[in-house]
Amino acid sequence: MANDRPPIDAGRIERAARCLSPCEREVLVLSASEKLGLDAVAERLGLSAAEARRLLANALCKLDRALERQQRPWWRFW
């Protein structure tokens with residue numbers, strides 16, 4: 001992650017979260033908003049701890065990439 005990014009507001013996060021699958025979004029919300037550990041998230045969703053960890057890692061990577069794409073001007077995509 002770059003340190004020279006502009007501040008992130010809720011609107012940017014919501015736009016970036018559109019790229020997440022429903023499972024990834026649910027794991028991210030439970031771990032971030034409700035401050036549950038991965039074991040508790042896995043138990044609540046009926047997943048293994050490894051699956052919850054993988055979904056959270058994928059969600060964070062996708063979110064980071066989407067936020068980075070929002071920042072780049074259109075001419076830098078080529």
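1. Is C61 buried, partly exposed or exposed? C61 is partly exposed, since its relative accessible area is 40% (buried is under 20% relative accessible area, exposed is over 50%, and partly exposed lies in between, with a 1.4 Å probe and protein chains only). C19 is also partly exposed, given a relative accessible area of 33%. As for disulfides (a pair of cysteine sulfur atoms within 2.5 Å), the count by this rule is zero.

2. A word on what we are looking at. This is a predicted model, in which local features need pLDDT of at least 70 and side-chain atom pairs count only at pLDDT 80 or more, while totals for chains, interfaces and linings use all residues. Residues are numbered from 1 along each chain as its sequence is written, and side-chain values use heavy atoms, with hydrogens and water left out.

3. On confidence, the protein chain has an average pLDDT of 86 (pLDDT is the predictor's confidence in each residue, from 0 to 100), and 83% of its residues score at least 70. Helix α1 (residues 10-16) has the lowest confidence, with a mean of 86, and α3 has the highest, at 95. Where pLDDT is low, the predicted coordinates should not be read in detail.

4. Now the overall layout. The protein chain holds four helices and zero strands, in the order α-α-α-α from the N terminus (helices are DSSP runs of H or I with at least four residues, strands are E runs with at least two, and both are numbered from the N terminus). The chain has 78 residues, and 26% of them count as buried. Among contacts with a separation of 6 or more, 60% are between residues 24 or more positions apart (contact means heavy atoms within 4.5 Å).

5. Please have a look at α2 against α4. Their axes come within 8 Å and cross at roughly 95 degrees (axes are lines fitted to C-alpha atoms, for helices over the stretch in contact, and angles run from 0 to 180 degrees between N-to-C directions). That makes α2 roughly perpendicular to α4 (under 35 degrees counts as roughly parallel, over 145 as roughly antiparallel, 65 to 115 as roughly perpendicular, and the rest as oblique). From α2, C23, E24, V27, L28 and S31 take part, and they meet A52, L55, L56, N58, A59, L60, K62 and L63 in α4. By class, this contact of α2 with α4 has nine nonpolar, two polar and two charged residues (Ala, Val, Leu, Ile, Met, Phe, Trp, Tyr, Cys and Pro count as nonpolar, Asp, Glu, Lys and Arg as charged, and the others, Gly among them, as polar).

6. A59 is buried, as its relative accessible area is 0%. Setting aside neighbours within four places in sequence, A59 is in contact with L20, E24 and L28. A59 and E26 are 33 residues apart in sequence, and their C-alpha atoms are 9.6 Å apart in space.

7. Next comes α3 with α4. Helix α3 (residues 38-45) and α4 pack at about 105 degrees, and their axes are 8 Å apart. The two helices are therefore roughly perpendicular to each other. On the α3 side L38, D39 and A42 meet A49, A52, R53 and L56 of α4. The contact of α3 with α4 has five nonpolar, no polar and two charged residues by class.

8. L30 sits in helix α2 and counts as buried because its relative accessibility is 2%. Not counting residues up to four places away in sequence, L30 touches K35, L36, V41, R44 and L45. L30 and L45 are 15 residues apart along the chain, with their C-alpha atoms separated by 9.7 Å.

9. I would also point you to K35, in the loop between α2 (22-32) and α3. Its phi is near 55 degrees, a positive value in a residue other than glycine. Most residues other than glycine have a negative phi. K35 is exposed, with 68% relative accessible area.

10. Lastly, E68 belongs to helix α4 (residues 49-71). E68 is partly exposed, since its relative accessible area is 35%.
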